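Some notes on the model follow, starting with the ligand site and ending with the strands.

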Amino acid sequence: MKEVKIESKLFVFDNLEELPRDIAGLMGKAIKARSRAYAPYSNFQVGAALLLDNGEIITGNNQENASYPSGLCAERTAIYYAGSQYPNAKVLYMAITATAKDNPTKEPIPPCGACRQAMVEYEIKQHAPIAIYFMGKIGAVAKSNSVSDLLPFVFDKSVLF
Ligand code: THU
């Protein structure tokens, strides 16, 4: 038996003001997107914005459904739209913000496992990391240099063939 250990890193900014200007701008778009979330069942609102290497910014938010599992997270709404509109563009950064509607979330909220799996597909496809910045409603912003840092022991296409 041997132990397999994977290390991953997060970088934490104290607040929005500490972010590089372009990233703060992207987070601003995610915050706008969050305000348009359709989340009448959970009242948990999530917004995502991503910057493509062609300069386009794509945003998305969570879209819930009376049939609960039919809803979709903000991150996948955004990245699937980007993939469908700009199949050859690379995703450079994604900014995510999430909060309970009635109780401002003060700590960084990382994307769920299903979103990490969806996002890592594009990172692998484009042969370049996607930096992920995530926050609650206020407070610290965490940065992961890549989706794979958020998803150790990834399931990927290499096992399919
Ligand atoms: N949600 C997201 O949009 N992204 C995540 O990474 C986690 C959860 C949404 C799904 C659902 O609409 C609500 O947040 C509560 O789970």
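Which elements each supply at least two residues of the shell around the ligand? They are β2 and α2 (74-85); helices (H or I, at least four residues) and strands (E, at least two) are DSSP runs, numbered from the N terminus.

1. Basis. This is a predicted model, in which local features need pLDDT of at least 70 and side-chain atom pairs count only at pLDDT 80 or more, while totals for chains, interfaces and linings use all residues. Residues are numbered from 1 along each chain as its sequence is written, and side-chain values use heavy atoms, with hydrogens and water left out.

2. Ligand shell. Around the ligand (a heavy atom within 4 Å) are S42, F44, V46, N62, E64, C73, A74, E75, P111 and C112. The shell divides into six nonpolar, two polar and two charged residues.

3. Ligand oxygen atoms are 2.5 Å from a side-chain N or O atom of E64, 2.9 Å from one of N62, and 2.9 Å from a polar backbone atom of C112. The protein buries 75% of the 370 Å² that the ligand exposes when taken alone (Shrake-Rupley method, 1.4 Å probe).

4. Strand β4. Seven of the 10 residues in β4 (residues 91-100) are buried, meaning under 20% relative accessible area (1.4 Å probe, protein chains only).

5. Pairing. Strand β2 (residues 44-52) pairs with β4 in the antiparallel sense over nine bridges; pairing requires at least two DSSP bridges. β4 and β5 (residues 131-135) run parallel, joined by five bridges. I96 in β4 stands opposite A48 and has F134 in β5 as a bridge partner.

Note on methods: Buried means under 20% relative accessible area, exposed over 50%, partly exposed in between (1.4 Å probe, protein chains only). A polar contact is a pair of N or O atoms within 3.5 Å; within protein, one must be able to donate a hydrogen and the other to accept it, and residues adjacent in sequence count only if both atoms are side-chain atoms. Ala, Val, Leu, Ile, Met, Phe, Trp, Tyr, Cys and Pro count as nonpolar, Asp, Glu, Lys and Arg as charged, and the others, Gly among them, as polar.
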